Amino acid sequence: MHGSPNGSSASPADGAVTGVDSARFRSVLSRFATGVVAITGIDAEAGRPTGLAANSFTSVSLDPPLVAFCVAHTSTTWPRLRSAPRLCVNILGEGQLDVCRQLAAKGGDKFAGIGWSASPSGGPVIDGALAWIECSVEDQHVAGDHMIVVARVHHLDKLHDGEPLLFYNGGYGRFDG
């Protein structure tokens, strides 16, 4: 039997999917819950920590160990992070919404008031993160209005037990399981 769950025999290849504007696309995809991470590094030019928040993060490969995340082309932080020899992906906990918002904001000192310690290669591990993954950029792929960044994992560790910071339907929340 061919067709969609609602009984329609039309498929995307038939051109049946219409009206995919950015608002509708965002609205539908907002129904997919994601975790939130902070991508951090030392800005080589300024010698200070910087970072950005992302909800598009995934594991890619166990052998070799690879992860991926997406960054908007409009990001002014990514060019400074990209030049860092090592990055840290910090998995944020439910109590770190303020950290997320601060790293997501345009401009300013991204790390003002955010405590951190150094990973084995010196990258910023944010205090209170559930876990961290130290990595280096392996490859970048242009994908629409974003860049898909594939990174090789060098070190990682769990820091705290707790619930993740989740992004769902345009807002932040927690998992009540």
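The following exercises, each with a worked solution, concern a predicted model.

**Exercise 1. Confidence**

Determine what the mean pLDDT of the protein is, and examine residues 1-11.

*Solution.* The mean pLDDT of the protein is 88. Over residues 1-11, the pLDDT is below 50. Beyond near neighbours in sequence, this stretch makes five contacts in the model.

**Exercise 2. An aromatic pair**

Classify the geometry of the pair formed by Phe111 and Trp116, and state how accessible each residue is.

*Solution.* Trp116, at 34% relative accessibility, is partly exposed.

**Exercise 3. The surroundings of Cys70**

Locate Cys70 and identify its contacts.

*Solution.* Cys70 lies in strand E5, which spans residues 66-72. With 25% relative accessibility, Cys70 is partly exposed. Neighbours within four places in sequence are set aside; Cys70 then contacts Ala54, Ser56, His146, Met147 and Ile148. Between Cys70 and Met147 there are 77 residues of separation in sequence, yet their C-alpha atoms are 5.5 Å apart.

**Exercise 4. A nonpolar surface patch**

Name the members of the nonpolar patch and describe Val28.

*Solution.* The patch consists of Val20, Phe25, Val28 and Leu29, which together have about 400 Å² of accessible area. Val28 belongs to helix H1, residues 22-29. Because its relative accessibility is 52%, and exposed means over 50%, Val28 counts as exposed.

Conventions: Residues are numbered from 1 along each chain as its sequence is written. This is a predicted model: local features need pLDDT of at least 70, side-chain atom pairs count only at pLDDT 80 or more; totals for chains, interfaces and linings use all residues. Side-chain values use heavy atoms; hydrogens and water are left out. Rings of Phe, Tyr and Trp (its six-membered ring) pair if their centres lie within 6.5 Å; planes under 30 degrees apart count as stacked, over 60 as edge-to-face and the rest as tilted. Buried means under 20% relative accessible area, exposed over 50%, partly exposed in between (1.4 Å probe, protein chains only). pLDDT is the predictor's confidence in each residue, from 0 to 100. Contact means heavy atoms within 4.5 Å. Patches are made of residues with over 30% relative accessible area and no salt bridge: like charges are joined within 9 Å, nonpolar side chains (Val, Leu, Ile, Met, Phe, Trp, Tyr) within 5 Å. Accessible areas come from the Shrake-Rupley method with a 1.4 Å probe; for residues, only the protein chains shown count as cover. A salt bridge is a side-chain nitrogen of Lys or Arg within 4 Å of a carboxyl oxygen of Asp or Glu. Helices (H or I, at least four residues) and strands (E, at least two) are DSSP runs, numbered from the N terminus.
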